Amino acid sequence: REVSGLAAEVIATVNSSGRAVTAVDIPSGLDSDSGHVLGSVLRAALTVSFIGRKIGCYLGDGPDCTGHLAFDGLGVPAGTYDGVPLAAELIDEALVARALPPRSRAAHKGLFGHVLVIGGGPGMPGAPRLAGEAALRAGAGLVTVAVHPDNAGAVAQRPELMCAAVAGPDELNAPLARATVIAVGPGLGQGKWSRELMGAALASGLPAVVDADALNLLAEREQRREHWVLTPHPGEAARLLGLESGAAVQRDRLATARELQSRRGGTVVLKGAGSIVQAGQGTPALCDRGNPGMAVAGMGDVLTGVIAGIAAQCGDLALAARAGVFVHAQAGDLAARRGERGTLASDVIRQVRACVNP
């Protein structure tokens, strides 16, 4: 329930004291299941949590309230947890290693997939190029970027990317025939050209990562598919579910991810602090990496490219989504070592290679 009375007064006094605060188990006033603030909350510099991790420390307002989070299981026997349902599983480097095992010395580019990025409507050349470069850095064997003819020059500046100047959906047929995974949405726009290309992309039946404007177009139709990864931020998730705003999503991110996956199928990546990956109706995966410096234009395009690049190599969209979220967040943390503010999406791309070679 909402914090009130003496408890609220004590929390306010502690918060205004100017002292560094340690919270025991969880900051008072933070919902341990959702990370939602219950009216008034303790702002801790350090939270020491015991026995079981409280998912509210990782979601919503949780990271801001907990400060540095330390965990100690207190030596509780492993069998104690048998039969206890998990709220989520933390993603770690072991999962990345499972998605991206060591390569054979006889490997060639044809073994590691061909990503087709579809986007880049008039006036938006940067987003698809970022996604394409991220897919390359994630290890995809080949990457083609299909954009409006006006934007072909911007893509061609990265010589490792192949570029398809596409004036209409018919010109997408040849690139689609060569692709193993598509990433649709970065800089796509929402006009006639955009809608036609998105329709052709999804009609191909290829495994897909769907982001940005493609999600906004998807919100206009009730379409469900199993072979795709949807990567909405809270505002896009709200539109897909017909909610008033992203604030409704943030109040219960786990429930939102489950509901969105149930309606749309496939795998859902609900972006934000404590990104959630929901594949099917099983236990969701949670990423505790990343930083506020990643709140800048182009970061979502990089994530789209990383997931598509990993999917091209491992052939498993759900696994690629989980590994891609971790790689993206870890690369963001490496990029922000000299300071979070001013980090660019291209800075993160430069760190991806280190993170896909665990």
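User: Is C163 buried or exposed, or something in between?
Analyst: C163 is partly exposed, with a relative accessible area of 33%. Keep in mind that this is a predicted model.

User: And C65, what's its relative accessible area?
Analyst: That one is 0%, so C65 counts as buried.

User: Which cysteine sulfur is closest to the one in C65, and how far off is it?
Analyst: The closest is in C57, at 9.1 Å. A disulfide needs the two sulfur atoms within 2.5 Å, so C65 and C57 are too far apart for a bond.

User: How many disulfides does the model have, then?
Analyst: The count is zero.

User: OK, switching to pockets. What's the volume of the largest one?
Analyst: About 990 Å³.

User: How many residues line it, and which lie nearest the centre?
Analyst: The lining of the largest pocket has 33 residues. Nearest its centre are G272, A273, G274, G290 and N291.

User: Which elements give two or more residues to that lining?
Analyst: Those are α2, β3 (68-72), α12 (299-314) and α13 (317-335).

User: Now the surface. Which residues make the nonpolar patch?
Analyst: I51, L74, Y81 and V84 make a nonpolar surface patch of about 360 Å².

User: Where does I51 lie?
Analyst: I51 is in the loop that runs between β2 (46-50) and α2 (62-66). That α2 is also one of the elements lining the largest pocket.

Notes:
Residues are numbered from 1 along each chain as its sequence is written. This is a predicted model: local features need pLDDT of at least 70, side-chain atom pairs count only at pLDDT 80 or more; totals for chains, interfaces and linings use all residues. Side-chain values use heavy atoms; hydrogens and water are left out. Patches are made of residues with over 30% relative accessible area and no salt bridge: like charges are joined within 9 Å, nonpolar side chains (Val, Leu, Ile, Met, Phe, Trp, Tyr) within 5 Å. Accessible areas come from the Shrake-Rupley method with a 1.4 Å probe; for residues, only the protein chains shown count as cover. A salt bridge is a side-chain nitrogen of Lys or Arg within 4 Å of a carboxyl oxygen of Asp or Glu. Helices (H or I, at least four residues) and strands (E, at least two) are DSSP runs, numbered from the N terminus. Buried means under 20% relative accessible area, exposed over 50%, partly exposed in between (1.4 Å probe, protein chains only). On a 1 Å grid over the protein atoms alone, a cavity is a set of points where a 1.4 Å probe fits but cannot get out, and a pocket is an open set with protein on both sides within 12 Å along at least five of seven lines; lining residues have an atom within 4 Å of a point. Grid points are joined across faces, edges and corners, and a volume is the space filled by probe spheres set on the points.
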